[in-house]
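Me: I have a model open and want to go through it piece by piece. Can you take my questions as they come?

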Amino acid sequence: MTERLQLSALSAGYGAAVVLRDVSLALAPGETVAVLGRNGMGKTTLLESIAGLTTLHGGGLLLGAERIERWPTWRRARAGIGLVPQEREVFPSLTVQENLTVARRGGDWTVERAFDLFPRL
């Protein structure tokens with residue numbers, strides 16, 4: 001992703017249930033951010049909302065100058081927005097290295113860089 005990602009008063013959840021209310025956040029290109037909190041605080045819902053996997057209840061999501069909150073998940077993925085689940089939920093029969101290899105894209109992220117940043121993998 002080479003453009004700024006911005007959430008503006010984003011409210012989202014699952015079906016009629018609103019889990020996030022009025023979340024605003026801005027990420028510069030190449031910036032890395034950690035989202036911390038106890039279980040049930042909305043961390044996964046936040047990431048799934050950015051990836052387009054939840055129900056939007058309000059607010060906006062910008063990639064650069066383009067509004068993307070109504071984009072389908074596949075289009076967000078093509079624009080460089082992805083989600084790596086916490087558990088082995090991508091391809092459970094593959095090793096961590098095989099999962100990283102399958103998901104590899106061009107750019108600065110390599111399997112080696114992932115292992116450098118997260119040595120416990």
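Me: Start with T55. Is T55 buried, exposed or partly exposed?
Reply: T55 is partly exposed, with a relative accessible area of 31%. Keep in mind that this is a predicted model.

Me: Where does T55 sit, and what does T55 touch?
Reply: T55 belongs to strand β3. Leaving aside neighbours within four places in sequence, T55 is in contact with S11, A12, G13, Y14 and G15.

Me: Which residue stands opposite T55?
Reply: G13 stands opposite T55 in β3.

Me: And how far is T55 from A17?
Reply: They are 38 residues apart in sequence and 8.7 Å apart in space, C-alpha to C-alpha.

Me: OK, zoom out. What's the strand order in the sheet?
Reply: The order is β2-β1-β3-β4, an open sheet of 4 strands with antiparallel pairing.

Me: Which strands are at the edges?
Reply: β2 (17-27) and β4 (66-67) are the edge strands. Each has a single partner strand, so one side of each is left without a neighbour in the sheet.

Me: What holds paired strands together, in general?
Reply: Strands of a sheet pair through backbone hydrogen bonds, either parallel or antiparallel.

Me: Go through the pairings here. How many bridges between β1 and β3?
Reply: There are 7 bridges between β1 (residues 5-14) and β3 (residues 55-63), which pair in the antiparallel sense. β1 and β2 also run antiparallel, joined by 7 bridges, and L5 stands opposite L27 in β2. β3 and β4 are an antiparallel pair with 2 bridges. There, E66 in β4 is the bridge partner of L63.

Me: What about the turns? Which residue in the β1 and β2 hairpin has a positive phi?
Reply: G15, at about 60°, in a turn with 2 residues between the strands. The hairpin of β3 and β4 likewise has 2 residues between its strands, and there G64 takes a positive phi near 65°.

Me: Switch to helices. Where does α1 lie?
Reply: α1 (residues 43-51) lies across β1, β2 and β3, running at about 110° to β1.

Me: Which residues of α1 are buried?
Reply: T45, L46, E48, S49, I50 and A51. Their cover includes β1, β2 and β3, along with α2 (73-78).

Me: Now the core. Which residues make up the largest nonpolar core?
Reply: It has 12 residues in all: L5, L7, L10, L20, L27, L46, I50, L61, L63, I68, W71 and I81. The elements that give two or more residues to this core are β1, β2, α1 and β3. β1 gives the most, with 3 residues.

Me: I68 is in that list. What does I68 touch?
Reply: I68 touches L5, L61, L63, R76 and I81, not counting residues up to four places away in sequence. L5, L61, L63 and I81 are core members as well.

Me: W71 is in there too. What sits over the ring of W71?
Reply: The charged end of R75 does, 3.9 Å from the ring centre.

Me: And how many aromatic pairs does the structure hold?
Reply: It holds 0 aromatic pairs.

Me: Last one, N99. Which helix, and is N99 buried or exposed?
Reply: N99 is in helix α3 (residues 96-103). N99 has a relative accessible area of 14%, under the 20% cut-off, so it counts as buried.

Me: What does N99 touch?
Reply: V90, F91 and L94, again not counting residues up to four places away in sequence.

Methods:
Residues numbered from 1 in each chain as written. Predicted model: local features only at pLDDT ≥ 70, side-chain atom pairs only at ≥ 80, totals over all residues. Heavy atoms only, no water. Phe/Tyr/Trp six-rings, centres within 6.5 Å; stacked < 30°, edge-to-face > 60°. Lys NZ or Arg CZ within 6 Å of the ring centre and 35° of its normal. Pairing = 2+ DSSP bridges. Contact = heavy atoms within 4.5 Å. Axes fitted to C-alpha atoms, helices over the stretch in contact; angles between N-to-C directions. Buried < 20%, exposed > 50% of the residue type's maximum accessible area, 1.4 Å probe, protein only. Core = buried A, V, L, I, M, F, W, Y, C linked by side-chain atoms within 4.5 Å.
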